[in-house]
Amino acid sequence: MTNLSNTTGTMPKRPEDNGMGVSDNLLSMRNLTVSFKTDDTKLTALNKVSLAIPEGKTLCLVGESGCGKSVTAKAILRVLAENASIDEGEMLFRTKSGAMTDLASIRDRGEAIRKLRGDEIAMIYQEPMTAISPLYSIGNQIVEALRWHRNMSEKEARREALEVLRQVGMPAPERRIDSYSFELSGGQRQRAMIAMALICRPRLLIADEPTTALDVTTQAVILDLLRKMQEQDKMSMLFITHDLGVVAEIADEVAVMYMGNVVERGPVERILTDPVHPYTKGLIASLPTLSKKAGESLKTIPGSVPHLKDRPKGCAFSNRCELFIDGTCNQLPPLEYGIAPDHEAYCHALARCDASPQTDAAITSKLAPRKNEQDSSRKGGPDYNADPILKLRHLSKSFTQSSGFFSKTRHIHSLNGVSFDLWPGETLGLVGESGCGKSTLGQTVLGLHKPTSGAVEVQTEDGYVDLAQLPRKQLKKHWHDIRMVFQDPDGSFNPRLTVFDIIAEVLRMGGQSLTGKDITKRVEDVMQMVGLDKAFLDRYPHAFSGGQRQRIGIARALAPQPRIVIADEPVSALDVSVQAQVLNLLKDLQRELGLVYLFISHDLSVVKHISDRVAVMYAGQIVEIAPADDLFNHPKHPYTRALMAALPEPIPRSMRETKPHHISGSVPDPANLPKGCPFHPRCMFATDKCKIERPEIDATGYQHAVSCFFPQLSPAAAESDIQSHAH
Amino acid sequence: MTDTTATAAMQPTQIERRSQSALIWKRFKRHKLGLIGLWVTLFIYLCTLFVEILAPQGATAYSTKHAYYPPQRIHFFTENGSFKPHVLGYKVKFDYDTGSRSFIPDPRKVIALGFWVKGDKYKWLGLIPGDRHLFGPIKPREKMFLVGADRLGRDVLSRTIYASRISMTIGLAGVALSLVLGIAIGGLSGYMGGFTDQIIQRFIEFLQSLPSIPLWIGLAAAIPAETPPLETYFLISIVLSVLGWTGLARVVRGRFLALKEEDFIRAATLDGCSTSRILFRHMLPNFTSHIIAVVTLAIPGMILAETALSYLGIGLRAPVVSWGVLLQEIQNIRSMATAPWLFFPGLIVVIAVLALNFLGDGLRDAADPHEH
């Protein structure tokens, strides 16, 4: 790492560089190295990380899982795990008094850090349900920090708490201050946690994936709030996220991390529009977005993030990098490469092409977006002239929930009359927020839940068969025709079975009476289809990475040669770079095998990327269904529009045309749906009619259909209308 | 396809081949107390196999002149310094004022010790006759009392060793019975759910709310006094498992409920597996390690229950030798005061129970998939 110290002179934001000892950085982290002791080895979680958080600005830490983002946050607050230690480096924090404190050298249980925690440096977490104690009212927990740090009287503290709750937009703060975390909705809980963090007016707020557990509409509201609070209090923020869309919403500066190294840092506009490091470029290219053309194959980063114990020598990214220079990248730590005074990357290849322009050309050509040849050659595609392969008619499902002998039973209406058709060769994307019934729909189609009413008609050699009427025994043979890919690549495999047994199970149970040889052949075939070596067949699932496991899941689905595959959030547990690989694989397989996908996801951009048609679900109903381009270019339902407005796109705020508007409220309780249109309590355009009558939708066929009384409103008209409602 | 093939291709050597049970063993090895528990438990069970050979005397051998003989120390060297392991006999002095006896080591009564010596005749495991003992006085007529003797002059060490066979295995028998009941009823409860589940759970709660000692006493009283020892042994183990199965049933039910919601069970259903195949191929192997852990933790409970019942005189009865029966010797203050070494079986109970508990704790932690 000698090169780093050589270049410190050019480091733009080193406080000491400024002769006066004054700089605009609140926190300067230099060469921070953190390691974890495990049984056998010492793992380096942070490797000489240097960061600067400017006063009043937001620094975003971006990276895939395991890259050291959360460790960085915990290191600042000195709340690292027991087996972790800071081996090297400094974290200079300018306190209120103006003195510089090195957070890396003070005791982690000492008075000094405790004075800062919760007062000058506060933190909000991903999961407010577990970060807020259910035993104390939220008011109690908010005033805690005030009473501790400010020595305030109870009455004064409560007044402060009410004020901060009002500021974070908590509805009816006088009432909510005495409620408990479990009485609040997800968004309200997150607001309460933000209030808790802001009560002492911290100068640095650390937010660790604060919106990841939230629905996209709630996320948009919370991001707005955080930005507003930051501007108002002139607070600095360290914002941790894996989502480049969120980065665009909130960041001023961005640091991209990979395996405990910062690989590139710079202003958000530059990182998102003109990244230089191959990893950053790969991340951005592999992200499906609304603005990218649908159907295009995504660019991928090969492989996946290795375990820390397998950190490659030299540059940590060298084994996945397309600019890899043998003998350099895998031997020496990467060189710092400055693009602009405030934008730098750590890469041998970039530094080298600066020196010799010839290699520059070679590297630039490698970096240019790959034209996708397969795009035009796409054969098959949806065939809307044929008969639908699957017809859903008025499918409803309600669950009864009782928690004991004496408690009242609740009826949960998960599906309320869902109809649509699936045509050969098409992908129907099913999108909606959590609790909208999309997963229940997938499972009800298969017959895992017996529908309360309605029909699931699947095309067979002897005409249409209604799966909803069939007993389990006869359903089984259709389960070879309609297969499922599960969300969680951890929980969907029996940990006691080898990969071979996992994939072969369906073939052994099949009615086709295959011999052992046939089964082996078929299993090896599907392994090859999903791009896995058949040498893996005798391994157990825990040994694989998330992306590889999802490939095994796809292989299992494909084993009995199905026609329809229901994929329930198949990529939502995966890192961005791996997600792109799996999405590409799904598309390739569809092209080769002529599969029909019902693709269930909460992520609009993923759905847009993979789907021919898209259905939007809300409260157990389809509110809008249309061909993908049509839906994303001309959304008609207010909910669809709200979803699209809430989706953060990786385009920096300063470069966007319109400021999106966000709906408030949350998804209704499926046990207690509102009368009339279920969306009316959150809808800007709701009239009295919407509150009484339920709008109908004919979602069969392949044309654009919408369940709304006033769908014609143009986006512009909607804009102005929302404006007038907002005030 | 070439693109995706290349991206996922990894060297097969990078994917480890270890099975789930190998991982559990790896995690278990980290648990130091658990490992100690494992070795101690194995040692005790090994001893129960060879009690006749390990014990220096027979279980029923008595000698009235050695009544309440205190523990003897092993000396390795004689007075003239030559190596010769021996114990010293006691000279008994009777104090007529207080009415108590005192034992003074007599340097002239040297009892030489050796390995693989002739002694009381026995039948190993009731089958193979023999008279050799691992360790004892070289002359068969002499006696050695390393932890003293009881009121009939029986060797406490030998009897404790003999008792381990009954006491350690009655736990196994009881747990085996509880396990069958627990898996069957708990599995039924978890798999059926709904009304069946409610009924079974309420019944379990009822059983658990009964005070255990009076219930045991009641059941044990139903065993006729003239029942042969072996039959009593089995009846007592049934009595113990009447309450023991409820805890196991709850654990099994909990695992069932948790597993039922796992995606891989759903996947197995969609693969077309029958109910029994889901139960036995997909569910059961996933909680065998938990069950082994719970069983290990249940055995000490059974051992303690047997000890308590026998101590109270309602469990096993002489001539059967169990730790509880041995502890009956110290049911009064006088024997406690004059012969505290009679507590020795109690010490062994503590060691055995602790070892099993450590082992069970270690297994439970290792089997928990969330503890990586």
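B:Arg364 and B:Asp361 are three residues apart in helix 13 (residues 344-367) of chain B, so about one helical turn separates them. Helices (H or I, at least four residues) and strands (E, at least two) are DSSP runs, numbered from the N terminus. The two side chains form a salt bridge with an N to O distance of 2.8 Å; the term denotes a side-chain nitrogen of Lys or Arg within 4 Å of a carboxyl oxygen of Asp or Glu. B:Arg364 is partly exposed at a relative accessible area of 42%, and B:Asp361 is also partly exposed, at 27%. Here buried means under 20% relative accessible area, exposed over 50%, and partly exposed in between (1.4 Å probe, protein chains only). A network of salt bridges with shared partners joins A:Asp501, A:Glu505, A:Arg508, B:Arg277 and B:Arg281.

The structure is a predicted model, in which local features need pLDDT of at least 70 and side-chain atom pairs count only at pLDDT 80 or more, while totals for chains, interfaces and linings use all residues. Residues are numbered from 1 along each chain as its sequence is written, chains are lettered from A and ligands numbered from 1 in the order in which they are written, and side-chain values use heavy atoms, with hydrogens and water left out.

## Salt bridges in chain A

Over all chains, the whole structure holds 48 salt bridges. In one of them, A:Glu55 pairs with A:Arg203, with the closest N and O atoms 3.6 Å apart. This pair links distant parts of the chain, 148 residues apart: A:Glu55 belongs to the loop between strand 2 (42-54) and strand 3 of chain A, and A:Arg203 to the loop between helix 8 (186-198) and strand 7 of chain A. A:Glu55 is partly exposed at 34% relative accessibility, whereas A:Arg203 is buried at 16%.

A further salt bridge connects the side chains of A:Arg109 and A:Glu82 at 3.2 Å, N to O. A:Arg109 lies in the loop between strand 5 (100-102) and helix 3 (111-116) of chain A, and A:Glu82 in the loop between helix 2 (69-77) and strand 4 (84-94) of chain A; the pair therefore ties together parts that are 27 residues apart in sequence. Both A:Arg109 and A:Glu82 are exposed.

## Chain A: composition and buried positions

Chain A contains 25 helices and 23 strands. Of its 727 residues, 57% are buried. Among contacts in chain A with a separation of 6 or more, 68% come from residues 24 or more positions apart; contact means heavy atoms within 4.5 Å. The chain exposes about 30,100 Å², of which carbon and sulfur atoms supply 51%. Accessible areas come from the Shrake-Rupley method with a 1.4 Å probe, and for residues only the protein chains shown count as cover.

In a regular strand the side chains alternate between the two faces of the sheet. Strand 6 (residues 121-124) of chain A is covered on both faces, with A:Ile121 and A:Met123 buried on one side and A:Ala122 and A:Ile124 buried on the other. Four bridges join strand 6 to strand 7 (residues 204-208) of chain A, and the two run parallel; two strands pair if DSSP finds at least two bridges between them. A:Ala122 stands opposite A:Leu205 in strand 7 of chain A. A:Val62, in strand 3 (residues 58-62) of chain A, is buried at 2% relative accessible area. Beyond its neighbours within four places in sequence, the contacts of A:Val62 include A:Lys69, A:Thr241, A:Leu244 and A:Met257. In helix 20 (residues 576-593) of chain A, A:Gln579 is buried at 9%. Not counting residues up to four places away in sequence, A:Gln579 touches A:Pro288, A:Val571, A:Leu574 and A:Val606.

Four strands of chain B form an open antiparallel sheet in the order 1-2-3-4. Strand 1 (75-77) and strand 4 (128-137) of chain B stand at the edges with a single partner strand each, so one side of each has no neighbour in the sheet. Strand 1 is joined to strand 2 (residues 83-95) of chain B by two bridges, and B:Phe83 in strand 2 is the bridge partner of B:Phe77.

B:Leu46, B:Leu49, B:Phe50, B:Leu125, B:Leu127 and B:Ile128 make a nonpolar surface patch of about 550 Å². Patches are made of residues with over 30% relative accessible area and no salt bridge; like charges are joined within 9 Å and nonpolar side chains (Val, Leu, Ile, Met, Phe, Trp, Tyr) within 5 Å. B:Leu127 lies in the loop between strand 3 (100-124) and strand 4 of chain B and is exposed at 64% relative accessibility.
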